[in-house]
Amino acid sequence: MLGHQDMGMLSIKKSLVFAVLAFMFLFLIGNVLAESVISTSSVCCEKTTSGAFCLNSAESTCDKTFKIVPTSCESTSFCKLGTCYDSKEGLCLENVPQRVCQANGGTWSDKEANQLAQCKLGCCILADQASFVTNTRCKSLSTFYGIKIDFRTSITSEAACVAAANSQDEGACVYFEAGVKTCKFVTRQQCGGTTTTGSEVLNASELEELSGKYFYQGLLCSSEELGVPNCAREASTKCYEGRVYWYDSLGNKENVYTNTANISWNNGRVATPDEICAKTGDSKTCGNCDYLGGSRCAAWDTSLLSGLGIGKPKNVDNYCKTTKCTDRDGNVRLNGESWCVYDGEVGNAIDPAGSRHYREICVDGEVQVEACEDFRNQICIHSGIQTSAGEYSVAACRVNRWQDCLSQTNKGDCENSDSRDCMWAEDVDGINLGNPKYAVNTGSTFTNPNSQVSSSSSSASTVTQGLQATSQLVSAVGGITGKAIQTTIGSGVGGWEENTLSNAWKINRSTVENGICVPLVSPGLDFWQSGSSTQVCAQASATCTVEITKVYKKNIITGQKELDEIKARDNECLTQTGNTFNVSPQWAAKANAVCSAMGDCGAGFNFNEMFVNDGYEWKYKNASYYFLESDLGFLSQKLNPGTGEVVLDYVINDKYQLKQGEEVYVKA
Amino acid sequence: MVYKNMNQKRGSRGDSSQILSNLGKRGQVTIFIIIAILIVGIILFYYFYLGPNWSSLTSKQPALDRCIQKELNTQINKLSLTAGVVNPTFTSMYLDENYTFVCYTNEYYKPCAVQYPFLKDSFEKALTASMKPIIQNCYDNAINDLNSRGEEVIAGTIKTTLSINPDGVRMIIDAPTVTKTDGASAISKPIEINIYSNIYTIIMIANSILQFESSYGDSDVSSFMFYYPDLTVQKIRRDDNVKLYIITDKKDIKYRFASRSYAWPPGYGNAFN
């Protein structure tokens with residue numbers, strides 16, 4: 001018989017056994033969970049076998065000689081991203097892993113750059129130039145150029161900094177060097193600490209006595225009042241800030257070049273470029289080159305092929321040269337001008353599958369092509385600056401903000417261009433966007449008819465290992481240079497969004513609150529791979545429910561009740577001929593248009609002008625029907641009734657019910 | 001009269017011969033001047049283009065300058081192709097060329113993690129390392145050259161300091177070479193080599209692009225070209241969200257690197273590619 005103490009001991013033992021079992025259970029569960037986390041997500045590799053630092057990746061890709069932690073790199077101390085400061089150069093860089101920063105001799109902090117004192121930016125005045133940098137960087141630059149440090153923390157923007165540099169006083173700095181009076185055309189700051197400002201002109205003896213430097217604001221070194229020996233005016237020309245300037249025989253900058261006598265010299269006084277001559281494009285007589293007119297300073301070509309520079313004025317080695325390009329449409333573009341190029345029609349939810357936006361820039365007579373992000377994750381937008389030579393186009397690739405279009409339920413929110421890039425389209429019967437109950441996910445993928453022309457994205461492994469196949473490289477070339485083989489709507493200047501509203505078979509913009517919100521520029525999808533594309537497209541699946549009434553009449557001869565006619569309530573998706581109902585081609589086209597707006601979905605022409613119909617399917621009684629190329633054409637703007645004819649042949653309680661999977665619906 | 005006439009005749013004869021003689025003398029002088037100009041020209045051409053380095057010879061230092069200058073430019077061009085990284089392993093291949101990743105993330109919607117934070121410093125170190133065997137080779141050749149000319153020269157250990165500055169690349173080579181002449185010995189001074197190069201500006205532009213990439217995931221290259229019209233900055237966007245950058249000075253330097261930051265998946269996508 002067990003005593004009370006034994007009972008107590010037994011109870012303790014039971015408790016201990018329970019605790020141990022519980023601990024083991026928790027341990028096992030914990031291990032299982034931990035392993036599942038490791039296997040499903042990734043580990044933090046301090047360094048991968050391919051040489052990359054701090055990647056969340058599969059353990060097999062980690063370099064075993066470096067740290068491997070079964071968690072996100074952000075949770076580790078060594079791979080946490082922060083700001084790295086280079087005390088030698090005075091540069092700050094964000095999103096640098098701690099280990100990488102310290103290994104390179106930098107100082108790491110987990111704070112953002114704008115919270116660190118040493119990363120605070122200010123305006124560094126460097127003579128007549130300025131740089132918006134850190135204090136240390138300013139010291140480094142000033143020391144290199146031999147200029148007194150002028151770091152202004154009160155200036156908090158780059159534009160204000162540039163303006164501060166432009167407002168620097170310039171003038172002649174006169175002093176004696178090795179007993180000879182000499183001069184430098186510099187800023188007041190550059191002239192030196194012993195500068196005395198005065199409008200009176202000192203003679204040589206006074207200067208000699210004082211042995212100082214004198215700054216004469218607004219005077220050129222070649223000014224006769226200064227009497228600087230061996231300083232001949234307008235001895236040569238050079239390029240400065242894109243313009244042509246005269247330089248004296250001592251190498252000091254003077255005013256902007258013009259071939260008209262004495263105008264440039266301006267009696268030895270400083271003059272603004274516009275005071276000398278009006279802004280010009282291609283000119284050999286005025287050096288005030290108009291940058292927005294595509295003009296900038298260039299050197300005279302005196303080679304044999306260029307006629308040995310015949311016509312070149314004496315002492316003049318530069319002129320204003322206009323560089324122009326010709327775009328794909330044959331328009332002349334000025335240097336620096338940029339514009340958008342598209343693979344086809346854009347905006348209004350009609351971007352063809354596989355298409356992409358591009359920006360082109362005119363650089364020194366050559367057109368550079370810059371592709372926007374693939375899958376239309378970026379769109380190209382442009383605007384114009386009015387100049388004397390016409391409109392100067394400026395384009396940019398920016399993020400396509402289509403992601404939350406489907407969740408917008410009113411026109412105001414949908415078309416709020418501050419928040420998103422969507423359009424409020426006319427409602428289509430049977431489509432309930434954003435309602436998952438209509439989503440049909442068959443798990444299937446669709447064909448990529450352009451796979452030979454434009455192959456799929458390269459996988460990360462091929463990139464990191466640098467082992468891409470030749471075929472991929474070839475396809476990449478096509479993508480990079482920009483096909484733009486079709487109409488380049490919007491390649492001119494103007495709002496491209498408004499250029500593409502005329503096609504009747506495209507989605508009509510809705511002016512009433514009854515509508516649906518779809519992406520303005522439909523996003524691209526990797527529909528040839530199994531993934532989310534099927535679900536995205538399936539949101540535009542339509543199920544048409546119709547209510548049909550049988551009208552009977554009494555046969556006056558037999559007295560029997562006979563079917564007189566079948567009437568359907570007004571419904572967009574059906575057309576009626578006698579007692580036969582067909583799917584309305586207009587409805588089918590609109591449903592397809594909404595489907596296409598979701599992304600690379602629906603039937604239609606892709607960017608390569610190839611007709612694709614497996615993105616749109618009609619079903620009736622388990623039979624599938626597709627549009628034919630002749631039925632649907634973006635280019636022909638014509639839609640004929642498709643092959644998906646529906647004859648309603650059964651009655652349920654005097655109502656004809658079309659159900660999903662059995663009746664007419666559109667599968668995207 | 002006759003005499004006079006004779007004299008006159010003689011005189012006339014004598015005048016013409018004197019003129020001819022004077023003309024011949026003038027011609028000779030002209031020829032001499034031309035020859036002198038040619039000789040001076042040849043001498044100048046020899047010393048400026050073909051001849052040995054004057055300063056090196058007079059100071060009896062090894063004529064390293066030209067040997068190193070040439071190689072320095074070659075190495076700058078070579079290293080620029082890999083963003084200053086020697087034998088990079090983490091690269092993106094495009095048209096059979098490798099682009100070093102200076103910033104990378106394999107995830108979507110996230111900024112890249114900087115792989116090389118100090119591009120100028122990396123370049124300086126890589127350039128110094130790559131120049132080391134070249135300098136040694138140039139130095140050895142120069143010592144052998146001096147020895148073959150009968151100079152008694154004792155080679156020293158080379159120390160190199162290199163810096164990339166706004167006006168180019170500055171290299172100070174301290175090779176304390178002892179030369180013995182007539183019983184007296186002298187130690188050579190450090191050699192300073194300066195070459196003009198755009199590499200500083202190019203690296204600073206690359207650094208600026210890197211800052212934009214790591215903070216915002218993209219950068220506008222056209223603005224750099226407007227500020228620096230002598231440079232061309234090209235961005236190639238690959239379909240795997242990788243961006244390749246090429247900065248050229250329209251001459252020899254082609255600075256290349258790659259970045260992947262704030263990548264966007266097709267459609268709604270997944271967290272990882």
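**Exercise 1. Placing A:A165**

In which helix of chain A does A:A165 lie? Work out its surroundings as well.

*Solution.* The model is a predicted one, in which local features need pLDDT of at least 70, side-chain atom pairs count only at pLDDT 80 or more, and totals for chains, interfaces and linings use all residues. Residues are numbered from 1 along each chain as its sequence is written, chains are lettered from A and ligands numbered from 1 in the order in which they are written, and side-chain values use heavy atoms, with hydrogens and water left out.

Step 1. A:A165 lies in helix α4 of chain A, where helices (H or I, at least four residues) and strands (E, at least two) are DSSP runs numbered from the N terminus.

Step 2. A:A165 counts as buried because its relative accessibility is 5%; buried means under 20% relative accessible area, exposed over 50%, and partly exposed in between, with a 1.4 Å probe and protein chains only.

Step 3. Leaving aside residues up to four places away in sequence, A:A165 touches A:I125, A:D128, A:Q129 and A:A130, a contact being heavy atoms within 4.5 Å. The C-alpha atoms of A:A165 and A:Q129 are separated by 5.3 Å, although these residues are 36 residues apart along the chain.

**Exercise 2. The faces of α4(A)**

Determine which residues of α4(A) are buried, and how they are arranged about the axis.

*Solution.* Step 1. In helix α4 (residues 158-166) of chain A, the buried residues are A:C161, A:A164 and A:A165. Seen down the axis of α4(A), they fall within an arc of 100°, so they line one face of the helix; the arc is that of the directions from the helix axis to the C-beta atoms.

Step 1. A:A159 and A:N166 are exposed on the other side of α4(A).

Step 2. The cover over the buried residues of α4(A) includes β7 (121-126), β8 (129-134) and β9 (151-152) of chain A.

**Exercise 3. A sheet in chain A**

*Solution.* Step 1. β1(A) pairs with strand β2 (residues 53-57) of chain A in the antiparallel sense over four bridges, given that two strands pair if DSSP finds at least two bridges between them. Within this pairing, A:V43 has A:S57 as its bridge partner, while A:C44 stands opposite A:N56.

Step 1. β1(A) also pairs with strand β3 (residues 68-69) of chain A, again antiparallel, over two bridges, and here A:I68 is the bridge partner of A:C45.

Step 2. Strand β1 (residues 43-47) of chain A is mostly covered, with four of its five residues buried. In the hairpin of β1(A) and β2(A), which has five residues between the strands, A:G51 takes a positive phi near 100°.

**Exercise 4. A buried arginine in chain B**

Is B:R260 buried or exposed, and which side chain of opposite charge is nearest?

*Solution.* Step 1. B:R260 is found in strand β12 (residues 254-260) of chain B.

Step 1. B:R260 is buried yet has no salt bridge, and the nearest side chain of opposite charge, B:D240, is 6.0 Å away. A salt bridge requires a side-chain nitrogen of Lys or Arg within 4 Å of a carboxyl oxygen of Asp or Glu.

Step 2. A polar atom of the side chain of B:R260 lies 3.5 Å from the backbone oxygen of B:E107.

Conventions:
Lys, Arg positive; Asp, Glu negative; His and termini not counted. Polar contact = N/O pair within 3.5 Å; in protein donor to acceptor, adjacent residues only side chain to side chain.
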